[in-house]
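I opened my notebook today to look around one structure. Here is what I looked up, entry by entry.

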Amino acid sequence: MATFLYKLGRFAFRRRRFVALIWVALLAVAGVGAATAAAPAADSFSIPGTEAQRAFDLLDQRFPGTNADGATARMVFKAPAGETMKDPANKAAVERTVHALQSGSSQVDRVADPYAAKALSKDGRTAYAQVSYKVTGFELSDASKDALEDAAKDGRDAGLTVETGGNALQAIPETGATEVIGIAISAVVLVITFGALIAAGLPLLTALIGVGIGVSTITALSSTLDLSSTTSTLATMIGLAVGIDYALFIVSRYRAEITEGREREEAAGRAVGTAGSAVVFAGLTVVIALVGLTVVNIPMLTKMGLAAAGTVVIAVLIALTLIPALLGFAGARVLPRKARKERKARMAGEARKADEEEGEEKAAGEEHGRPATATERPNMGTRWARFVLRRPVSVLLAGVIGLGVVAIPAASLELGLPDDGSQPTHTTQRKAYDLLSDGFGPGVNGPLMLVVDGRDAHAGQTAKSAAARVAKEVGTLDDVAVVTPPTFNKAGDTAMLNVVPKSKPSSVGTEDLVHDIRSTAHGIATDTGAKTLVTGTTAMNVDVSQKLNDALVPYLALVVGLAFLLLMVVFRSVLVPLKAALGFLLSVVAALGAVVAVFQWGWLGDVFGVEQTGPIMSMMPIFMVGVVFGLAMDYEVFLVTRMREAFVHGERPGEAVVTGFRHGARVVTAAAVIMISVFAGFIGSSDSMIKMIGFGLAIAVFFDAFLVRMALVPAVLALLGRSAWWLPRWLQKVLPNVDVEGEGLRTQLGGSDSDSGDSGGGSGTGTTEGPDENAARESVRV
């Protein structure tokens, strides 16, 4: 692979105008497609295989035209102090508002008058009108939403408090200025890391191009594939993070090759051949994790995973082709000004040298990863690695115990899906939710719908008798506040009832009630033959949580298993991939603990803009497992590949760890800070789901990059010694050798290197042996 990528890098460098033109053309085509694409026809939240979804499907069949999954809104009215909603003036204002709702949009199916539906609170001060639409919330036009808001203004003009809730008002989440701040922080980190504006700008430019192509493609296909705005947001989040990181590693390797005196085209080829190999396998782990989300069988999650995986593939291809092309345009300006002057002076001096033997010896020393001079000053990565190697047990225990403490809140994890109660307190949805809770009890915000199918009832039984029994027995359950009379379809074989719980929709009590109703319904079905299904938004949330919990272990086994095999191919080791997987599990559990502490317990809620605590989003654990695993393996591949490279070329295990940190720690640190800043930028989103995802991914990358990869990994490798790179002989024969370390490439280029004096790798590897080799190694031995 290294040889192929080396040739690809040199080709992209030589044909840089052609390569750059291809990517610009792709961006233009994707942009035109996005600009001319129709809006998504729909984005219904279907969950195949769940009882709630079967009930929705049954309602569509037996109650045609009712639009069971259509958008809904609740217009909530509250009278001023000392008045009631029965006062003539207030009643007239409500009736005008109801009329305005009915006539305001052709997408309105029906509006339930509060007085006819008896939707008045006991104290008479609160009432609500239920609005049902013919289309889903994603199909609702802006005109319909405007009509809803205008109707609310009519009620307010009459002196009433009027707020609107429901999914009819769902909007594209706003990320705010913090997303831009995250990119700005990334730019600052790149400038500090490279010390040159051109080098710092390349990763940002190429990442934005990749995200532009990916998101524009998603937008262009959104109508055909029913992709939501959340899909684009996730693709942007992942694409920016990995795009900057992958480009960062290629540019960093290129600069190292240039600094050692290679010609620019050769440096580009070697950078892509070595660091590019790590990029390919790191990208593959992310793609495996994201594509693996399809096993959960939730269409929305599948689309999000596939779209984000496509953006990662684009980021990898850009790093391998566009980056070397742009490096060709940049010339020596990728180096800081001081380094450019030193390089120019050195090249001029070398041209005047008559004795080439000294230069060859110096290159041979660099070929083995040894310092060019004995007085080379160790960098921070070297000092940290030596510190860990001196105290591996202490570092290991401190890291494991620290992450274990942070993970403690994860034991209290409560799962659910966000509702209007999780909206910011200043929104009309949240205000409507609170008004309904105060006037009618919290359960009215999440009513359950029961569908009684009497078509296959036993002889002597009917849907009417079965529905009556269901209403009676369900009404006796502890957490039930109200059971509405059944409504029958035209055939009279199917009934529909509403159940209002006493507890709020996202509570454990309501979840238990759903299970109790289903247990009761099962007994009634055994006696009567009439099946009862529980649905509604609340029941759907319960089913989603259960489906995700059931899929977590198989998904984890699939993703970790495939990635384990991939890492065995990369590192030619059994224990290194095992260590990587265990370290990931520790970091992801710690990240979940932090998410619970902030979003469920409210710790530091003001700092992160959490206005309302509540259950953690149901898909958060499985989503974090997938995304964080892929991203965590990025740093594992980038950092440990350097160590493996040094070990393969003759260094002792301790030396290899130090070499890996000397060359990789600074860049990996910069990459982690960039990824954290990009993810943290989404914490400012107005959407609670995006906010939670941004925080969870940012804190997970922090734990994994700085605690697991930078501390636990070298500690474990120090304790394992040579056994860390052990691989059974039969596996050596079975597993393909993909040459991530570039040994085959280095062997192939060895002759030309010795002829030109242009030897040595950016990673500090080589194959030259001589009588002074062991002595030279002793100078850096740990």
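In which kind of crossing, left-handed or right-handed, does H13 pass H22? I found that H13 passes H22 in a right-handed crossing. A crossing is left-handed if the near helix is turned anticlockwise from the far one by less than a right angle, and right-handed if clockwise.

Before going on, I noted the ground rules. This is a predicted model, where local features need pLDDT of at least 70 and side-chain atom pairs count only at pLDDT 80 or more, while totals for chains, interfaces and linings use all residues. Residues are numbered from 1 along each chain as its sequence is written, and side-chain values use heavy atoms, with hydrogens and water left out.

**Entry: H13 and H22**

I looked up helix H13 (residues 380-390) and helix H22 (residues 688-720), whose axes come within 9 Å and cross at roughly 50°. That angle makes H13 oblique to H22. Angles under 35 degrees count as roughly parallel, over 145 as roughly antiparallel, 65 to 115 as roughly perpendicular and the rest as oblique. Axes are lines fitted to C-alpha atoms, for helices over the stretch in contact, and angles run from 0 to 180 degrees between N-to-C directions. Helices (H or I, at least four residues) and strands (E, at least two) are DSSP runs, numbered from the N terminus.

From H13, the contact takes Trp384, Val388 and Leu389; from H22, it takes Met710, Ala711, Pro714, Ala715 and Ala718. Contact means heavy atoms within 4.5 Å. I sorted the residues of this contact by class and got eight nonpolar, no polar and no charged. Ala, Val, Leu, Ile, Met, Phe, Trp, Tyr, Cys and Pro count as nonpolar, Asp, Glu, Lys and Arg as charged, and the others, Gly among them, as polar.

**Entry: H21 and H22**

Next I checked helix H21 (residues 653-680), whose axis comes within 8 Å of the H22 axis and crosses at roughly 170°. H21 and H22 are therefore roughly antiparallel to each other. Residues of H21 in this contact include Val657, Phe661 and Phe679, and those of H22 include Leu697, Phe702 and Arg709. By class I noted 19 nonpolar, two polar and one charged residues.

**Entry: the cores**

The largest nonpolar core has 178 residues, and Tyr246 and Phe679 touch the most other members. A nonpolar core is a set of buried Ala, Val, Leu, Ile, Met, Phe, Trp, Tyr and Cys residues joined through side-chain atoms within 4.5 Å. Buried means under 20% relative accessible area, exposed over 50%, partly exposed in between (1.4 Å probe, protein chains only). Helix H20 (residues 620-648) gives the most to this core, with 19 residues.

**Entry: two positive phi values**

Most residues other than glycine have a negative phi. I still found lysine 118 with phi near 55°, in the loop between strand S2 (108-112) and strand S3 (126-133). Lysine 118 is exposed, at 72% relative accessibility. Asparagine 297 also has a positive phi, of about 65°, and is partly exposed at 40% relative accessibility.

Arginine 430 lies in helix H15 (residues 428-440) and is buried, with a relative accessible area of 9%. Aspartate 453 lies in strand S6 (residues 448-453) and is buried too, at 13% relative accessibility. Leaving aside neighbours within four places in sequence, I saw aspartate 453 in contact with residues including Arg62 and Lys531.
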